[in-house]
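Colleague: I would like to learn how to read a protein model one feature at a time. Could we start with how a single side chain is described, and then move on to pairs and groups?

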Amino acid sequence: ERVLMLEANALHAKGYSVRFGTLYGGEKAATGPYMEDLSLPEDRRASFGFKRLVDVKGYKAVRAYIRKHRITVLYATLEEANVIARLAKIGTSRLRVVIRESNDARTKIWKFKMLDRLLNCLASRIVAVSKGVRRSLV
């Protein structure tokens with residue numbers, strides 16, 4: 001999502017250690033032409049090669065990446081990334097998960113509504129992009 005890329009660029013410009021990952025698309029997704037607006041060096045980009053939401057290999061790759069790079073804050077947006085980010089919190093006491101919620105909960109498909117309810121306890125913060133989105137989440 002473009003907004004997340006702009007936020008990553010701004011944090012990187014301020015000197016924060018930032019890494020950017022995508023769930024889908026394989027290696028090309030981390031370096032492809034649509035990522036040209038991301039100012040992070042290529043060694044700070046990753047793609048985890050998910051084939052679908054329930055992808056054990058992809059999930060293990062995310063967990064390994066978090067451990068390898070000692071990531072302490074995981075900021076996610078978009079439905080599937082939000083689910084995987086919250087699941088990545090399981091068993092990692094130092095990881096803080098921040099979810100950027102841009103979708104009105106009333107328009108979500110049932111599986112994401114259910115997963116949100118079950119997994120929100122694993123998020124340190126949920127940031128709603130508007131008052132309308134915030135109202136739909138409670």
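Colleague: Is Y24 buried or exposed, or something in between?

Modeller: Y24 has a relative accessibility of 32%, so Y24 counts as partly exposed. Keep in mind throughout that this is a predicted model.

Colleague: Next, aromatic rings. How is a pair of them described?

Modeller: A pair of aromatic rings is described by the distance of the centres and the angle of the planes. The centres must lie within 6.5 Å, and planes over 60 degrees apart count as edge-to-face.

Colleague: How many aromatic pairs does that rule give here?

Modeller: The count is two aromatic pairs. One joins Y24 and F50: the ring centres are 6.1 Å apart and the planes stand at 70°, so this pair is edge-to-face.

Colleague: Where in the chain do Y24 and F50 lie?

Modeller: Y24 is in strand β1 (residues 20-24) and F50 is in strand β2 (residues 45-50), so the pair ties together parts that are 26 residues apart in sequence. F50 is buried, with a relative accessible area of 4%, whereas Y24 is partly exposed.

Colleague: What is the geometry of the pair F48 and Y65?

Modeller: The rings of F48 and Y65 are 5.4 Å apart from centre to centre, with 75° between the planes, and the pair is edge-to-face. F48 belongs to strand β2 and Y65 to helix α3 (residues 56-68); they are 17 residues apart, and the pair links distant parts of the chain. F48 counts as buried at 15% relative accessibility, and Y65 is buried with a relative accessible area of 15%.

Colleague: Now helices. How do I read which side of a helix faces inward?

Modeller: An α-helix has 3.6 residues a turn, so residues three or four places apart point the same way.

Colleague: Which residues of helix α5 are buried?

Modeller: In α5, which covers residues 110-119, the buried residues are F112, L115, D116 and L119. Looking down the axis of α5, these buried residues fall within an arc of 105°, so they line one face of the helix. They pack against α4 (79-88) and β4 (96-101). On the face turned away from the buried side, α5 carries the exposed residues W110, R117 and L118.

Colleague: D116 is on that buried list. How should I think about charged side chains?

Modeller: Side chains of opposite charge can pair when their charged atoms come close. Searching the whole structure gives four salt bridges.

Colleague: Which helices does the bridge between D116 and R86 connect?

Modeller: In that bridge the N to O distance is 2.7 Å. D116 lies in helix α5 and R86 in helix α4, so the pair ties together parts that are 30 residues apart in sequence. D116 and R86 are both buried.

Colleague: What about K108 and E79, how far apart are their N and O?

Modeller: K108 and E79 form a salt bridge at 3.5 Å, N to O. K108 is in the loop between β4 and α5 and E79 is in helix α4, so this pair ties together parts that are 29 residues apart in sequence. K108 counts as buried at 9% relative accessibility, and E79 counts as buried at 15%. K108 also forms a salt bridge with D116, where the closest N and O atoms are 2.3 Å apart. The residues E79, R86, E101, K108 and D116 are linked in a network of salt bridges.

Colleague: What surrounds a buried charge without a salt bridge, such as K89?

Modeller: K89 is in the loop between α4 and β4. The nearest side chain of opposite charge is D116, 17 Å away. A polar atom of the K89 side chain lies 2.8 Å from the backbone oxygen of L95. Leaving out residues up to four places away in sequence, K89 touches L95, V97 and L122.

Colleague: Last, backbone angles. What is phi of R70?

Modeller: Phi of R70 is near 50°, a positive value in a residue other than glycine. R70 lies in the loop between α3 and β3 (73-77) and is exposed, with a relative accessible area of 64%. L78 also has a positive phi, near 80°. L78 lies in the loop between β3 and α4 and counts as partly exposed at 41% relative accessibility.

Definitions and conventions:
Residues are numbered from 1 along each chain as its sequence is written. Side-chain values use heavy atoms; hydrogens and water are left out. Rings of Phe, Tyr and Trp (its six-membered ring) pair if their centres lie within 6.5 Å; planes under 30 degrees apart count as stacked, over 60 as edge-to-face and the rest as tilted. Helices (H or I, at least four residues) and strands (E, at least two) are DSSP runs, numbered from the N terminus. Buried means under 20% relative accessible area, exposed over 50%, partly exposed in between (1.4 Å probe, protein chains only). The arc is that of the directions from the helix axis to the C-beta atoms. Contact means heavy atoms within 4.5 Å. Lys and Arg count as positive and Asp and Glu as negative; His and the chain ends are not counted. A polar contact is a pair of N or O atoms within 3.5 Å; within protein, one must be able to donate a hydrogen and the other to accept it, and residues adjacent in sequence count only if both atoms are side-chain atoms.
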